[in-house]
Amino acid sequence: MNRSQREAAARRLMDRTPPPVPPDLYPEAVRRGGRMLRRRTAVVRLMWLVLFAASVAFVVWAVLARPWVEPPSETTPPLTGW
């Protein structure tokens, strides 16, 4: 099939009348779109909740464990009574 034949076939396809749209297509699309939007909103809210819970858990762990404090040395005894 050369270029002119492809162009002619494309023109024939575009000149035809479009097929009729089923009458219940719009309500079905709106229903599915609304369901997808609600699901996406719920997932985003759940992700924010998980992020918030993880940050609170990290702050609580950091306050209790204090990882920035150097642990006491265990190789030498503490100096007392000077």
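Entry 1: I began with Phe58 and Trp61, which both lie in helix H2 (residues 25–65). The two are three residues apart, which I noted as about one turn of the helix. I record here that the model is a predicted one.

**Entry 2: their rings.** A pair of aromatic rings is described by the distance of the centres and the angle of the planes. I looked up both values: Phe58 and Trp61 are 5.8 Å apart, centre to centre, with 35° between the planes. I found one aromatic pair in the structure.

Entry 3: Trp61, at 45%, is partly exposed.

**Entry 4: the whole chain.** I next counted the elements of the chain and noted two helices and zero strands. The radius of gyration is 34 Å, whereas the globule rule gives 12 Å for 82 residues; the chain is therefore more spread out than a compact globule. I also noted the box filled by the C-alpha atoms, roughly 105 × 40 × 10 Å along the principal axes.

Entry 5: How much of the chain is buried? I recorded that buried residues make up 1% of the 82 residues. The accessible surface comes to about 8500 Å², and carbon and sulfur atoms account for 67% of this surface. Lastly, I listed 13 positive and 6 negative side chains. The centres of these two sets lie 10 Å apart.

Methods:
Residues are numbered from 1 along each chain as its sequence is written. This is a predicted model: local features need pLDDT of at least 70, side-chain atom pairs count only at pLDDT 80 or more; totals for chains, interfaces and linings use all residues. Side-chain values use heavy atoms; hydrogens and water are left out. Helices (H or I, at least four residues) and strands (E, at least two) are DSSP runs, numbered from the N terminus. The radius of gyration is taken over C-alpha atoms; the globule rule is 2.2 Å times the number of residues to the power 0.38. Buried means under 20% relative accessible area, exposed over 50%, partly exposed in between (1.4 Å probe, protein chains only). Accessible areas come from the Shrake-Rupley method with a 1.4 Å probe; for residues, only the protein chains shown count as cover. Lys and Arg count as positive and Asp and Glu as negative; His and the chain ends are not counted. The place of a charge is taken as NZ of Lys, CZ of Arg, CG of Asp or CD of Glu. Rings of Phe, Tyr and Trp (its six-membered ring) pair if their centres lie within 6.5 Å; planes under 30 degrees apart count as stacked, over 60 as edge-to-face and the rest as tilted.
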